[in-house]
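Dear colleague,

Please find the structure below, followed by a summary of what was found in it.

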Amino acid sequence: PVLGIHLLAIRRSSGCPVGTAVALLGVALEMIGRGTYQGSLKDSGNLVYALILAAQDTVNNWVSTKSNWSPFFDLLTTKWPIWEMVSKLACVD
């Protein structure tokens, strides 16, 4: 059910890039929880790694549309659990 929630959020793509990134990271965490190896920077064909890169690209693309620091402030104060997701991914062996 959790994987389905994240996939539904991605499909609906509410127009919120941070929410989309959180959904992508959620799918990556769910796959790791089911035994898929996270991979490394050298493993570009790994689906978990591809989801993490897609989340990063989503946020980077959104940040690049602004000419000021507001996206960074928004990232630090968002209610989306992006930092919790990144922290969980950082702690995976």
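**Largest pocket**

The largest pocket has a volume of about 250 Å³. Among the 14 residues lining this pocket, Leu 25, Ala 55, Gln 56, Ile 82 and Val 86 are the closest to its centre. A pocket here is an open set of points on a 1 Å grid over the protein atoms alone, where a 1.4 Å probe fits, with protein on both sides within 12 Å along at least five of seven lines; lining residues have an atom within 4 Å of a point. The volume is the space filled by probe spheres set on the points.

The model is predicted: local features need pLDDT of at least 70, side-chain atom pairs count only at pLDDT 80 or more, and totals for chains, interfaces and linings use all residues. Residues are numbered from 1 along each chain, and side-chain values use heavy atoms, without hydrogens and water.

At least two lining residues come from each of helix H2 (17–33), helix H3 (47–64) and H5; helices are DSSP runs (H or I, at least four residues). By class, the lining holds 11 nonpolar, 3 polar and no charged residues.

**Surface**

Val 86, located in helix H5 (residues 82–90), is partly exposed at a relative accessible area of 39%, the class between 20% and 50%. Together with Leu 76 and Trp 83, Val 86 forms a nonpolar surface patch with about 330 Å² of accessible area (each residue over 30% relative accessible area and in no salt bridge, nonpolar side chains joined within 5 Å; Shrake-Rupley method, 1.4 Å probe).

Glu 30 and Arg 34 form a salt bridge at 2.9 Å, N to O (cut-off: within 4 Å).

Yours sincerely

Notes: Patch = residues over 30% accessible without salt bridge, like charges linked within 9 Å, V, L, I, M, F, W, Y side chains within 5 Å. Salt bridge = Lys/Arg side-chain N within 4 Å of Asp/Glu carboxyl O. Buried < 20%, exposed > 50% of the residue type's maximum accessible area, 1.4 Å probe, protein only. Nonpolar A, V, L, I, M, F, W, Y, C, P; charged D, E, K, R; others polar.
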